[in-house]
Amino acid sequence: MLTIRAEIKKDEQRSDKTYNVKLRFTLNRRFKRLSTSLFATPKDLTKDFKIRPNSPIKKDVDALIRAYRYIFTSYH
């Protein structure tokens with residue numbers, strides 16, 4: 001079963017103090033990370049570098065995950 005989740009890598013902070021949101025795809029215990037065009041500010045993140053539920057970027061991330069799930073289910 002395919003699992004898709006958003007993740008932020010702590011050590012990949014850009015010079016403008018934002019972090020790139022990456023999607024992690026896991027299937028059969030193998031994973032790939034896909035860089036997105038979304039960037040999170042420190043205000044959007046918790047101490048554990050998870051995206052806050054009330055953050056405006058959360059909607060965009062969830063929509064992107066839904067789109068990739070739809071694409072995967074269309075082909076399988």
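User: Which element gives the most to the lining of the largest pocket?

Analyst: Helix α1 gives the most, with 4 residues, and both β1 and α1 supply at least two residues each. A helix here is a DSSP run of H or I with at least four residues, a strand is a DSSP run of E with at least two, and both are numbered from the N terminus. The model is predicted, and in it local features need pLDDT of at least 70, side-chain atom pairs count only at pLDDT 80 or more, and totals for chains, interfaces and linings use all residues. Residues are numbered from 1 along each chain as its sequence is written, while side-chain values use heavy atoms, with hydrogens and water left out.

User: What makes a set of grid points a pocket, and how much space lies in the largest pocket?

Analyst: On a 1 Å grid over the protein atoms alone, a pocket is an open set of points with protein on both sides within 12 Å along at least five of seven lines, whereas a cavity is a set where a 1.4 Å probe fits but cannot get out. The largest pocket holds about 220 Å³ of space, a volume being the space filled by probe spheres set on the points, which are joined across faces, edges and corners. A lining residue has an atom within 4 Å of a point, and the residues lining the largest pocket include Arg5, Glu7, Phe49, Val61 and Ile65.

User: Is Val61 buried or exposed?

Analyst: Buried means under 20% relative accessible area, exposed means over 50%, and partly exposed lies in between, with a 1.4 Å probe and protein chains only. Val61 has 3% relative accessibility, so it counts as buried. Its place is in helix α1, and, leaving aside neighbours within four places in sequence, Val61 is in contact with Ala6, Val21, Leu38 and Ile51, where contact means heavy atoms within 4.5 Å. Val61 and Leu38 are 23 residues apart along the chain, with 7.8 Å between their C-alpha atoms.

User: Why does Phe72 count as partly exposed?

Analyst: Its relative accessibility is 25%, so Phe72 counts as partly exposed. Phe72 also lies in helix α1, and it touches Leu2 and Leu27 when residues up to four places away in sequence are not counted.

User: How do you know that the strands pair, and in which order do they form the sheet?

Analyst: Two strands pair if DSSP finds at least two bridges between them; β2 and β3 pair in the antiparallel sense over 8 bridges, so this pair meets the rule. The 3 strands form an open, antiparallel sheet in the order β1-β2-β3, in which β1 and β3 (30–40) are the edge strands, each pairing on one side only. The twist averages 20° from one strand to the next, the axes being lines fitted to C-alpha atoms, for helices over the stretch in contact, with angles from 0 to 180 degrees between N-to-C directions. Helix α1 (residues 56–75) lies across β1, β2 and β3 and runs at about 140° to β3.

User: Why is the pair of Glu7 and Arg5 called a salt bridge?

Analyst: A salt bridge is a side-chain nitrogen of Lys or Arg within 4 Å of a carboxyl oxygen of Asp or Glu. The closest N and O atoms of Glu7 and Arg5 are 3.4 Å apart, so the pair falls under this rule, by which the count comes to 6 salt bridges. Glu7 is buried at a relative accessible area of 11%, while Arg5 is partly exposed at 37%.

User: What do Arg24 and Glu7 tie together?

Analyst: Their side chains meet in a salt bridge at 4.0 Å, N to O. Arg24 lies in strand β2 (residues 19–27) and Glu7 in strand β1 (residues 3–7), so the pair ties together parts that are 17 residues apart in sequence. Arg24 and Glu7 are both buried, and a network of salt bridges links Arg5, Glu7, Arg24 and Arg33.
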